Amino acid sequence: MLPLNLRRTPAEKTRRELERVSEALGVADQLDKFPYELSGGQRQRAACARAVIASPALILADEPTGALDSKNSRSLMQIFRMMNERLGSTILMVTHDAAVGSYADRVFFLQDGQIYTELCRGERDRAAFAGEILTTVASLGGEGDAL
């Protein structure tokens, strides 16, 4: 709730946003615990909730789904997608996961510290875009660190 408290958001609205975001990220039942009492995945989801609760214009995300299971990864990426589409938030994310990358509108591939190529999703569905991402990774030598 800290980001909303710093903005002097009314307590009732802060509580509603906390409930909405914590439910969406699957940490609603963990709100009364200290960080050291949470698993790694729960801590990561709580950190994501803190990052998105104030609907920021820019979110910097370094492997945001790294410690999450597939269900929670999808949930987080759907929240990021909604924030981008409905709230205009820009998400700059680093990932090695083609499925996670497929939620993006644009994907840049780095090789040896340089931009190798860029893919734009356009009208393709996520599955088709994920396939193109994997094809591009294979063209880079198939290494998992190409995204």
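By how many helical turns are E85 and R81 separated in helix 4? The two residues stand 4 apart in helix 4, and they are therefore separated by about one helical turn. Helices (H or I, at least four residues) and strands (E, at least two) are DSSP runs, numbered from the N terminus. The model is a predicted one, in which local features need pLDDT of at least 70 and side-chain atom pairs count only at pLDDT 80 or more, while totals for chains, interfaces and linings use all residues. Residues are numbered from 1 along each chain as its sequence is written, and side-chain values use heavy atoms, with hydrogens and water left out.

The side chains of E85 and R81 form a salt bridge with an N to O distance of 3.0 Å; the term denotes a side-chain nitrogen of Lys or Arg within 4 Å of a carboxyl oxygen of Asp or Glu. E85 is exposed at 52% relative accessible area, whereas R81 is buried at 18%. These classes are set as buried under 20% relative accessible area, exposed over 50% and partly exposed in between (1.4 Å probe, protein chains only). R81 also meets D105 in a salt bridge, at 2.9 Å from N to O. D105 belongs to the loop between helix 5 (98-101) and strand 3 (106-111) and R81 to helix 4, so this pair ties together parts that are 24 residues apart in sequence. D105 is partly exposed, with a relative accessible area of 39%.

The whole structure holds 6 salt bridges. Another of them joins the side chains of E132 and R124, with 1.7 Å from N to O. Both partners are partly exposed, E132 at 27% and R124 at 28%.

The structure holds 1 aromatic pair, formed by F34 and Y36, whose rings are stacked at 5.8 Å centre to centre with 10° between the planes. Rings of Phe, Tyr and Trp (its six-membered ring) pair if their centres lie within 6.5 Å; planes under 30 degrees apart count as stacked, over 60 as edge-to-face and the rest as tilted. F34 is exposed at 52% relative accessibility, and Y36 is exposed at 67%. Elsewhere, R126 lies over the face of Y103, 3.9 Å from the ring centre; this requires NZ of Lys or CZ of Arg within 6 Å of the ring centre and within 35 degrees of the ring normal.

Strand 1 (residues 58-62) contains L60, which is exposed at 63%. Together with L58 and L92, L60 forms a nonpolar surface patch of about 330 Å² accessible area. Patches are made of residues with over 30% relative accessible area and no salt bridge, with like charges joined within 9 Å and nonpolar side chains (Val, Leu, Ile, Met, Phe, Trp, Tyr) within 5 Å. Accessible areas come from the Shrake-Rupley method with a 1.4 Å probe, and for residues only the protein chains shown count as cover.

S55, in the loop between helix 3 (40-52) and strand 1, has phi near 50° although S55 is not glycine. E63, in the loop between strand 1 and helix 4 (70-87), likewise has a positive phi near 50°.

Finally, the structure holds 0 disulfides, defined as pairs of cysteine sulfur atoms within 2.5 Å. C48 is buried at 8%, and C120 is partly exposed at 44%.
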